[in-house]
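The sequence and structure come next.

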Amino acid sequence: MLKGKTALVTGSTSGIGLGIATRLAAEGANIVLNGFGEPAQIEAVRRQLEGKHPVQVVYDGADMTKPDSIAAMVAGAVKKFGAVDVLVNNAGIQHVAPVDEFPPEKWDAIIAINLSSAFHTTRAALPAMKKKRWGRIVNIASAHALVASPFKSAYVSAKHGLAGLTKTVALEVAQQGITVNAICPGYVLTPLVERQIPDTAKARGISEEQVVRDVILAAQPTKRFVGVEEVAALAAYLCSGAAASITGALLSIDGGWTAE
Ligand code: NAD
């Protein structure tokens, strides 16, 4: 489906981003991996994807808090492959604390990585997409782009902002063959969620088991985590020709969370 196209997935060394990169490689896209991690592990993923599929996979470790590095990463991909045809803005971090105890440096980092990086990648990738009159931008937002939870002020603000960016850019490029959408997952069991369990327990004064049962899965009527491959399948669908008229949409994949 994506043969000859190139997909850049930010934060694709782990979790949802890795799942999306894996799926898009299976669809035939060349991949630009990004994110932090052990160099040997990242190289193993890169080789595994190239070994399994007839695609090229490169890695760029650009830090999503650094606009110059982001611009250089996108420019490098455009130079090598001709365009970033599919841009998946996925990199994200979380911090859980009451707003009056929220460390300002954590606020700044979350806004930079979860929101501003998507502006920087989008502005750099759009000119080549416009030239080809084809492009797909998929922003990995969250149920927290639609509703709030206590103790996540920065994350909820960034994700609501990402929803606004999604809709705005979608309108700007609607007649140029480029779609821009946000996927809004509920809880997916990745390192990001595993790491916030102890902090949520502390902020709410409950045990970690209670956090999983009474906070995390309580939010999802299905009472189960959303699968990484389910999110990746939705991203792949948005890249297909069948999804050409879906743009500016905030698509929930949250086990019914935001229906309540
Ligand atoms: P994860 O921690 O498994 O992966 C996060 C990725 O982002 C990693 O590859 C990491 O290296 C990268 N990253 C972090 N800081 C970076 C930086 N400064 N520069 C470059 N890369 C950086 O988390 P995940 O759960 O897979 O989250 C991926 C996205 O999905 C995030 O935007 C998150 O908000 C969103 N999301 C996750 C869930 C969930 O329940 N896991 C739910 C809704 C939305």
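## The ligand site

The model is predicted. Its ligand sits in the largest pocket. The shell around the ligand holds 31 residues. Ser14, Asn90, Tyr155, Val188 and Thr190 are the closest. By type, the shell splits into 16 nonpolar, twelve polar and three charged residues.

Three helices, α1 (15-26), α5 (153-172) and α6 (191-204), each supply at least two shell residues. The most come from α6, which gives four.

Thr190 uses its side chain: one of its N or O atoms is 2.4 Å from an oxygen atom of the ligand. Asn90 uses its backbone, with an N or O atom 2.7 Å from a ligand oxygen.

## Two positive phi angles

Most residues other than glycine have a negative phi. Arg133 has a positive phi, near 50 degrees. Arg133 lies in the loop between α4 (104-132) and β5 (135-140).

Phe151 is not a glycine either, yet its phi is positive, at about 75 degrees. The loop between β5 and α5 contains Phe151. Is Phe151 buried, exposed or partly exposed? Its relative accessibility is 28%, so Phe151 counts as partly exposed. The partly exposed class runs between the buried limit, under 20%, and the exposed limit, over 50%.

How values were computed: Residues numbered from 1 in each chain as written. Predicted model: local features only at pLDDT ≥ 70, side-chain atom pairs only at ≥ 80, totals over all residues. Heavy atoms only, no water. Near = heavy atom within 4 Å. Polar contact = N/O pair within 3.5 Å; in protein donor to acceptor, adjacent residues only side chain to side chain. 1 Å grid on protein atoms, 1.4 Å probe; cavity = no way out; pocket = protein on both sides within 12 Å on 5 of 7 lines; lining within 4 Å. Sits in = over half its atoms within 2 Å of the grid points. Nonpolar A, V, L, I, M, F, W, Y, C, P; charged D, E, K, R; others polar. Buried < 20%, exposed > 50% of the residue type's maximum accessible area, 1.4 Å probe, protein only.
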